[in-house]
Amino acid sequence: MGRFNIFQKILLYIAIAVFMTFILLPFFEMFMASLRPLEHLFRSPYQFWSDDMSLQAYSDIWVTVPMLGRYIFNSVFLATVTTMLCMSFVIPSAYSYARFSFKGKRISLGLFLGVNMFAGAVLLIPLYKLLRTFGFLNTYAAMFVPGAAFLVPTGIWLLKAYLEKIPIELEESAYIDGASRMYILRRVVLPLAVPGLIVVAVATFIGAYAQQFLFAITFNQKREFMPLPAGIFEFIGYQTVKWNQMMAASLVGIIPVLVIFLFLQKYLVEGLTKGALKQ
Amino acid sequence: MTLNGHLFFHSKMKSKILGHNTNWQKFVRSHTLYAWLLIAPAALFLILIVGWPLVETVRLSFTDAGLGGEKYIGWQNFEKLFKSRKYPGIVGRTFYWMFLSVSLKMILGLIGALLLNVKLRGRTTFRVLVMPPWIVPMAIGCIGWLWLYNGHFGIISGVLMHLGLLDGPFSFLAYKTSAFYSTVVTDVWIGTPMVTIFFLAAMQGVPQDLYEAAYVDGASRWYRFRRITIPQIMPVIVTMALLSSIWTFNSFEIIWILTEGGPRGATTTMIIDTYKMAIANYKFGYGATRALMVVILLTVFSLIYLLLLNKVNEKFKIK
């Protein structure tokens with residue numbers, strides 16, 4: 001049906017190339033900057049290629065910012081805890097919304113989704129007080145507790161769509177056989193929902209990894225708990241900005257999330273869009 | 001089978017098999033209780049972390065809270081805010097920033113989805129390569145743009161100089177107008193992948209026989225795009241536009257990392273302004289008033305959007 005001729009195909013590839021350049025240019029430039037020695041970076045006018053490129057910055061970063069490894073670990077750790085906390089709230093509620101009809105279902109679901117209206121930045125002052133009351137300030141909890149809260153609504157929405165597709169008959173027969181409701185959820189529903197759980201967990205993890213900046217700079221002052229998006233700015237010194245090393249550290253810091261994404265991207269893209277587009 | 005049907009079937013089966021009568025009413029009620037029990041942890045968590053702070057923000061906005069304690073001062077914060085000569089500018093800038101950024105995201109997302117939907121070699125790879133700005137931490141992406149916008153060593157300034165469009169190095173984040181549009185470009189860059197992926201999924205959901213029928217009738221590619229693709233994916237477009245508007249309105253990190261709201265307030269949106277007032281200046285009460293304005297304006301915007309949408313749908317008899 002309406003095949004493209006070779007001329008049109010070339011045009012399409014050019015268009016894709018332009019689009020992809022916009023998307024990938026910052027990463028490419030970060031990589032190029034990370035290869036150059038600092039003094040040669042400040043060379044005007046801009047040069048695309050020079051013969052002094054090396055991977056030196058990738059070993060220097062650990063010396064300039066000794067805590068860098070810790071920051072990356074903190075980021076991964078925070079994202080993991082955020083995901084676990086978030087999922088423990090998401091799973092029972094998503095199951096409830098997927099299976100039961102009850103009073104207040106529509107309203108409560110609407111309220112959950114309404115949380116998306118509020119950014120963390122709007123609620124910072126009361127959140128600060130709240131975290132201080134619990135003694136969470138300057139701990140990991142100062143970042144993962146509010147972090148998880150803002151990821152719960154989307155998680156419920158995505159997982160609900162997935163759970164609705166699991167045939168109800170299986171639960172019925174288990175119920176008739178005398179299984180308790182908790183048993184049904186744990187032993188019948190969850191094993192069947194594993195692919196959906198993976199999608200939601202990975203989406204939550206990526207979201208948690210991506211959005212650590214605001215809560216980190218506002219609720220945490222301790223360097224040992226700093227995640228990478230806040231700690232990376234240590235490459236900006238009083239005198240100079242170590243651009244090449246900052247770029248190298250940035251690229252190293254996104255490896256964890258890229259690895260997870262590359263392994264699971266097929267399920268993720270499919271699951272996210274299918275779940276979200278169902279309505 | 002509908003949910004109610006299931007419950008009915010359920011209760012009948014149960015009474016048949018277990019050999020005793022279950023009160024149907026009681027059964028549903030116990031289900032309701034169980035359903036709410038499952039939701040309770042998430043609901044309580046969000047009431048604590050989002051609900052209470054929201055109420056507290058309203059309360060604080062009527063006080064002069066700061067580092068030294070607080071007392072009730074009525075509407076004074078609001079009066080001060082409405083009299084402020086700078087504030088209307090900030091509100092206008094925020095909406096303009098949002099409108100510009102969301103429109104570009106929608107247009108680029110649509111173009112991207114169309115390109116990635118064509119059956120070409122390498123399509124799967126392109127679909128993966130489009131994702132990084134979305135999944136990489138925003139702060140890291142912004143650092144990349146910080147480098148690109150750099151006047152002396154950044155590639156944008158460098159290329160423009162090579163092409164003779166610029167006489168000397170130009171630092172994009174140092175001047176009011178260029179800084180404003182630079183933050184928009186970065187925000188578009190971060191937001192486009194998600195829009196692209198969702199539009200793409202919507203396009204794949206359009207029944208293929210619609211296109212075939214149109215093709216047989218001799219409809220051109222442009223006509224098929226206008227009359228089939230666009231109307232079919234319209235629900236996703238309007239939903240994405242609203243969600244994207246809300247997120248863009250609330251966007252903090254991008255502007256904060258690139259410009260901190262400068263130069264001379266050129267990129268200060270309502271969120272940045274609120275953050276500066278509350279966190280940097282310790283004016284918690286007045287900051288809460290500004291935060292409340294963000295919530296109110298965003299709610300009003302969303303309601304008007306949905307209302308207009310309903311009107312349009314009625315007029316064109318879209319389901």
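Biologist: Which residues are buried in α7(B)?
Modeller: Keep in mind that this is a predicted model. In α7(B), the buried residues are Met138(B), Ala139(B), Ile140(B), Gly141(B), Cys142(B), Ile143(B), Gly144(B), Trp145(B), Leu146(B), Trp147(B), Leu148(B) and Tyr149(B). That is 12 of its 12 residues, and the helix is mostly covered.
Biologist: How far does helix α7 of chain B reach from its first C-alpha to its last?
Modeller: Helix α7 of chain B, residues 138-149, reaches 16 Å, close to the 16 Å expected at 1.5 Å a residue.
Biologist: New topic, the two chains. How many residues does the contact take from each chain?
Modeller: Chain A gives 77 residues and chain B gives 86 residues. On the side of chain A that touches chain B, the largest share is 14 residues from helix α1 (residues 6-35) of chain A.
Biologist: And how do the residues on that side of chain A divide?
Modeller: They divide into 58 nonpolar, 14 polar and 5 charged.
Biologist: Now inside chain A. At what angle do the axes of α3 and α14 of chain A cross?
Modeller: At roughly 95 degrees, and the axes come within 9 Å. So α3(A) is roughly perpendicular to α14(A).
Biologist: Which residues make that contact?
Modeller: From α3(A) there are Ala57(A), Tyr58(A), Asp60(A), Ile61(A) and Thr64(A), and from α14(A) there are Asn244(A), Gln245(A), Ala248(A) and Ala249(A). By class, the contact has 5 nonpolar, 3 polar and 1 charged residues.
Biologist: Last one. What domains is chain B divided into?
Modeller: Chain B has domain 1 (3-60) and domain 2 (76-315). Their C-alpha centres lie 39 Å apart.

Methods
Residues numbered from 1 in each chain as written. Chains lettered and ligands numbered in written order. Predicted model: local features only at pLDDT ≥ 70, side-chain atom pairs only at ≥ 80, totals over all residues. Helix = DSSP H or I, 4+ residues; strand = E, 2+ residues; numbered from the N terminus. Expected span 1.5 Å × (residues − 1). Buried ≥ 20, exposed ≤ 12 C-beta atoms within 10 Å, placed from the backbone. Contact = placed C-beta atoms within 7 Å. Nonpolar A, V, L, I, M, F, W, Y, C, P; charged D, E, K, R; others polar. Domains from an automatic or database assignment. Axes fitted to C-alpha atoms, helices over the stretch in contact; angles between N-to-C directions. Parallel < 35°, antiparallel > 145°, perpendicular 65-115°, else oblique.
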